[in-house]
Amino acid sequence: MEEQAGIVKLSSRVSRRNFLKGCSLAAAALGLSEAMIPKLLEAVESAQRPTVIWLHFQECTGCTESLLRGSHPDIGRLILDIISLDYHETIMVPSGHQAEKSLHDSVKKNDGKFVLVVEGAIPTAENGIFCKIAGRTAIDILAEIGPKAAAVIALGTCASFGGIQAAAPNPTGAKGVQDLLSGVPIVNLPGCPPNPVTFLGTVLHYLTFKRLPNCDKMGRPLFAYGRRIHDHCERRAHFDEGRFAEEFGDHGHKNGYCLYKVGCKGPGTFSNCPVARFNDVDVWPVSVGHGCVGCTEPDFWDTMTPFYERLPEVAIPGTGVIADVDSVGRKILGVAAAGAAIHAAAGIAKSKLIKKDKA
Amino acid sequence: MTYEIENVWSVLLRLFHWLLVLSIIALVVTGFYVNTPWTNTTLEGGGSFPMATMRYIHFVAGYLFAAVVAVRLFLYIFGNRQERIWGILPFTPRNFRGLIANIRYYSYISDDHDQRLGHNVLAGSTYVITIVAAIVQLISGYYLLYPEVVFWQGLGNAIFGSQQQGRFVHHLLMWYFIFFTFIHVYMVIWNDVKTPEGLASSMINGKKFKHKNA
């Protein structure tokens, strides 16, 4: 096939040079020293490839789609050489009963040794009937397979925190893996989608050190989620120097100024997007002129919206009023001022009346 | 009618009050700028850093705010009779009756007033609520300032859930302080007009005038 501009061929054949490049990139993403790269290579090249079982629950397969476009290494190399991916509904050959068989065979054979990757939230309302695979609910499948895993990687915001499905009013009762599974080490790789480099880095860390990487308080690995987007943003200088895009397409936007005033959530979002970037063409939302929407944070669909405003809106219960904080604040202050004026007027009127009575 | 002068507020409390005023003004002004920068530099290479400067002032004022809130907490326990916390919370029968009397007095229902040398119970309780709000404001502020520090991350995540929620609470509480300041100034002026005890100046010279008991 002739390679067209912008289209990267998917191939499982990777040269030694590209393989080393991929591992070095992952080592850099993990923050490992150069001296660790041989150890990492050794772990990757060893015969014992870890078995990975990949479960899809309530999701859009976007995390898998993103991984398919990864190239350090590409998906073929990842599946054939680095891990043994025994079950993955999107890319596996078997289907139906055969697929179920390969899942159960693999779980039985690798009991307590395999890495479980979960993509998608788990609906818990009404006994979880909103997501069923092979006639069983997502809750059942996770409860059966989860405790047998050596470690669990919750891939994507849905598997980590519930994601978009868990947005209010959360009709399906969607939850992340950490809310339903205990006793097994769990690492969250939120993002919509998370960067393939982050996933690969976590897998390689597990291969090299036989444990999951160090995490923050939300169970996200520090190598990828240790800093806020804002702190590594290429537009940060514009922020500090007070140069902002006021609206999309204006002078500031065309000149690459800070997107803070058009609702960028970089200051509240932990991710390595500005550093790792996406799809081998070194882009990420802010680099192409769109603010961060905060997809790696819990409840981002509820707390990061409106995406083009700085802060969530205030809903005043019982009134149906939904407005931005500052306009509500100004109105309340106006009511308070009116109240004070009435209070003062009442006081004056009362003292006048008392004087009149006395007179 | 004769009056006598009573010493009411210690120097430390007065210092607390005016530094709190200073820090709140600085924090609200710079806080509004940080949230909605009202300037926009269109010249590049001007060498001005409005956002960085405003943030710097905000953080310095935040530390001042933290220090004076700590002073008030100290005075709640170790201050003089008027400053200690148990005299102003409506949890004793006498203070609860005082609170009801204050509310009736403030709404012109009754002219009977639960006179206290220091804060009346209604005002004092409001100040305690404000100090609690100040502590929440400080926690959310340090959570936003030091998001990578394990202590603040753990505390902030537990209380607010995420950075964005912490920022939202921080912004809402700013409006509480604006609202409180407005009502506070109005009520002080109102009391100063109604009662000749010299309430407004007591926060400057620490003294109030009281009826001399014959």
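**Entry 1: helix 14 of chain A.** I note at the outset that this is a predicted model. The number buried among its 34 residues is 0, so helix 14 of chain A lies largely in the open.

**Entry 2: the contact between the chains.** I looked up which residues meet across the two chains: 35 residues of chain A are in contact with 33 residues of chain B. On the side of chain A, the elements giving two or more residues are helix 10 (236–240), helix 11 (251–254) and helix 14 (325–358). Helix 14 of chain A supplies the largest share, 9 residues. By residue class, I recorded 13 nonpolar, 9 polar and 13 charged residues on this side of chain A.

**Entry 3: chain B.** I listed the secondary structure of chain B and found 7 helices and 2 strands. Along the sequence, the pattern reads β-α-α-α-α-α-α-α-β. The C-alpha trace of chain B spans about 75 × 40 × 35 Å along its principal axes. Chain B has 214 residues, of which 25% count as buried. I also looked up contact separation: among contacts in chain B with a separation of 6 or more, 61% join residues 24 or more positions apart.

Terms used
Residues are numbered from 1 along each chain as its sequence is written. Chains are lettered from A and ligands numbered from 1 in the order in which they are written. This is a predicted model: local features need pLDDT of at least 70, side-chain atom pairs count only at pLDDT 80 or more; totals for chains, interfaces and linings use all residues. Helices (H or I, at least four residues) and strands (E, at least two) are DSSP runs, numbered from the N terminus. A residue is buried if 20 or more other C-beta atoms lie within 10 Å of its own, exposed if 12 or fewer, and partly exposed in between; C-beta atoms are placed from the backbone. Two residues are in contact if their C-beta atoms, placed from the backbone, lie within 7 Å. Ala, Val, Leu, Ile, Met, Phe, Trp, Tyr, Cys and Pro count as nonpolar, Asp, Glu, Lys and Arg as charged, and the others, Gly among them, as polar.
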